[in-house]
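User: Got a model open here and I'd like a quick tour of its side-chain contacts. Can you walk me through it?

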Amino acid sequence: MINSFRNLTLTFILFFVPVQSFTQSPFSDRIDSLITTGIDQTLRCEFDSAMVTFNILKEKKPEHIVGYFYLAATLQSEMMDYESDSRKDEFYSLIDKAVHVGELQVQIDENDSWTHFYLGTTYLYKGMFQAKSGSLISGFISAKNGIAHLKQALQIDSTLYDAYLGLGSYEYWSGRLYKYLKWLPWIKDNRKEGVKKLRLAVQKGTFSKWIGINSLAWIEYDRKNFFQSLMLFRRGLRKYPESRFFLWGYADCLFMLKDYKGAVFVYQKLLEDIKTTTPNYGYNEAEIRRKLMLSFFGLRLYDLCVEQANLILKLNPDKKIEKRIKKHKKQAKEYIKRCKGSG
């Protein structure tokens with residue numbers, strides 16, 4: 001169940017509303033350009049640059065939900081990438097501001113499909129963060145509000161195909177958790193319909209292509225269709241070769257397919273990246289080293305396996321992260337013993 005929430009949140013990391021689609025953008029070309037630039041910066045994990053871009057957007061459209069939404073979305077993306085909730089207060093401040101502004105907008109014009117679209121997506125972001133933080137019921141209530149606004153957007157404008165991205169992702173992952181949450185009356189197992197909606201968004205939502213591909217890739221991974229998932233992540237890397245959002249999925253697929261040499265190469269790239277370009281809170285390093293340890297064991301490179309296990313045991317993060325990597329350290333001790341028995 002915990003892994004399902006991780007995949008669900010990873011799906012929504014990349015769920016940015018498109019600038020253009022089959023329906024016309026409500027903004028000027030200058031605003032569209034800012035949104036496009038900020039999205040590309042976020043997908044490349046250039047979060048500081050994206051925040052600067054979206055702050056300019058907010059200043060140019062202070063009365064609109066759009067700037068607050070993208071700022072909050074970027075913060076959530078950063079926290080997920082770093083495996084840290086260090087900016088959660090700032091995130092909640094921005095997401096609540098986006099909800100407030102969006103609700104005022106739909107009161108003024110209830111037939112504004114784009115505002116319903118942004119507001120629905122904002123609620124989904126808030127819901128995913130609440131669920132990942134342990135507030136399961138609050139998270140699903142927020143998500144339920146988001147789905148209502150996305151459906152309203154489609155009722156107003158049936159060509160806003162990008163709305164199917166959020167609807168499809170929600171239907172799949174809530175269906176995935178149905179056996180745990182079937183006592184909630186609005187939770188149903190519509191996973192097949194969810195996948196169809198996602199594919200529709202990929203096919204017809206012009207700027208939703210890469211977001212939808214990432215979403216479908218994680219779904220195929222969840223279904224244990226690792227080769228199909230690998231191909232989707234590879235497509236993403238052709239567009240964004242340095243994106244950790246695609247690199248993590250690509251490495252995990254190689255690992256599950258037992259292509260340990262390939263997995264080692266990508267995990268080492270990720271490890272170098274997080275140690276040199278991002279704040280290292282400890283969890284990402286522990287997870288990468290765990291996968292390297294297991295990959296080296298699969299390759300019968302026992303000395304390298306033990307080396308990674310010992311590096312895991314030497315990690316000394318804060319108490320919150322230490323609790324999360326307790327299982328990593330336990331497994332490291334087990335594999336040191338296994339390597340001694342296999343050497």
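**Charges, rings and cores**

Analyst: Glu46 counts as partly exposed, at 33% relative accessibility. Keep in mind that this is a predicted model.

User: What does Glu46 meet in a salt bridge?

Analyst: The side chain of Arg44, at 3.2 Å from N to O. Arg44 is partly exposed too, with 38% relative accessibility.

User: How many salt bridges in total?

Analyst: The count comes to 19.

User: Is Lys196 buried or exposed?

Analyst: Exposed, with a relative accessible area of 52%.

User: Now Lys291. Which residue does it form a salt bridge with?

Analyst: Asp252, with the closest N and O atoms 3.1 Å apart. Lys291 belongs to helix 15 and Asp252 to helix 13, so the pair ties together parts that are 39 residues apart in sequence.

User: Are those two residues buried or exposed?

Analyst: Lys291 has a relative accessible area of 8%, so it is buried. Asp252 has 9%, so it is buried as well.

User: Which residues are in that salt-bridge network?

Analyst: Asp252, Glu287, Arg290 and Lys291 are linked.

User: And what else does Asp252 touch?

Analyst: Leaving out residues up to four places away in sequence, its contacts are Trp218, Tyr221, Tyr267 and Lys291. Asp252 itself is in helix 13, which covers residues 244-256.

User: Which ring does the charged end of Lys291 sit over?

Analyst: The ring of Phe255, 5.3 Å from its centre.

User: OK, aromatics. How many pairs?

Analyst: A search of the whole structure finds 23. One of them is Phe255 with Tyr260: the ring centres are 5.8 Å apart and the planes are at 65°, so the pair is edge-to-face. Phe255 is buried at 13% relative accessibility, and Tyr260 is buried at 18%.

User: Which residues form an aromatic cluster?

Analyst: Phe27, Phe54, Phe69, Tyr70, Trp114, Phe117, Tyr118 and Tyr125 form one.

User: Switching to the nonpolar core. Which residues touch the most other members?

Analyst: The largest core has 98 residues, and Ile35, Leu57, Tyr70, Tyr118, Tyr267, Ile288 and Met293 lead on contacts with other members. Helix 4 (residues 65-82) supplies the largest share of this core, 10 residues. A second, separate core has five residues, among them Ala286, Leu315, Ile321 and Ile325.

User: What's Ile288 in contact with?

Analyst: Beyond its neighbours within four places in sequence, Trp248, Tyr267, Leu270, Leu271 and Ile274.

User: Helix 2 next. What do its buried residues pack against?

Analyst: Helix 3 (47-60), helix 4, helix 6 (113-132) and helix 13. The buried set includes Ile31, Asp32, Leu34 and Ile35. Helix 2 has 15 residues and reaches 21 Å from its first C-alpha to its last, close to the 21 Å expected.

User: What follows helix 2?

Analyst: Cys45, whose phi is positive, near 65°.

User: Last one. Where is Phe297 found?

Analyst: In helix 15 (residues 283-298). Phe297 counts as buried at 16% relative accessibility. Its contacts include Tyr302, Tyr335 and Ser342. Phe297 and Ser342 are 45 residues apart in sequence and 9.6 Å apart in space, C-alpha to C-alpha.

Definitions and conventions:
Residues numbered from 1 in each chain as written. Predicted model: local features only at pLDDT ≥ 70, side-chain atom pairs only at ≥ 80, totals over all residues. Heavy atoms only, no water. Helix = DSSP H or I, 4+ residues; strand = E, 2+ residues; numbered from the N terminus. Contact = heavy atoms within 4.5 Å. Core = buried A, V, L, I, M, F, W, Y, C linked by side-chain atoms within 4.5 Å. Buried < 20%, exposed > 50% of the residue type's maximum accessible area, 1.4 Å probe, protein only. Phe/Tyr/Trp six-rings, centres within 6.5 Å; stacked < 30°, edge-to-face > 60°. Lys NZ or Arg CZ within 6 Å of the ring centre and 35° of its normal. Expected span 1.5 Å × (residues − 1). Salt bridge = Lys/Arg side-chain N within 4 Å of Asp/Glu carboxyl O.
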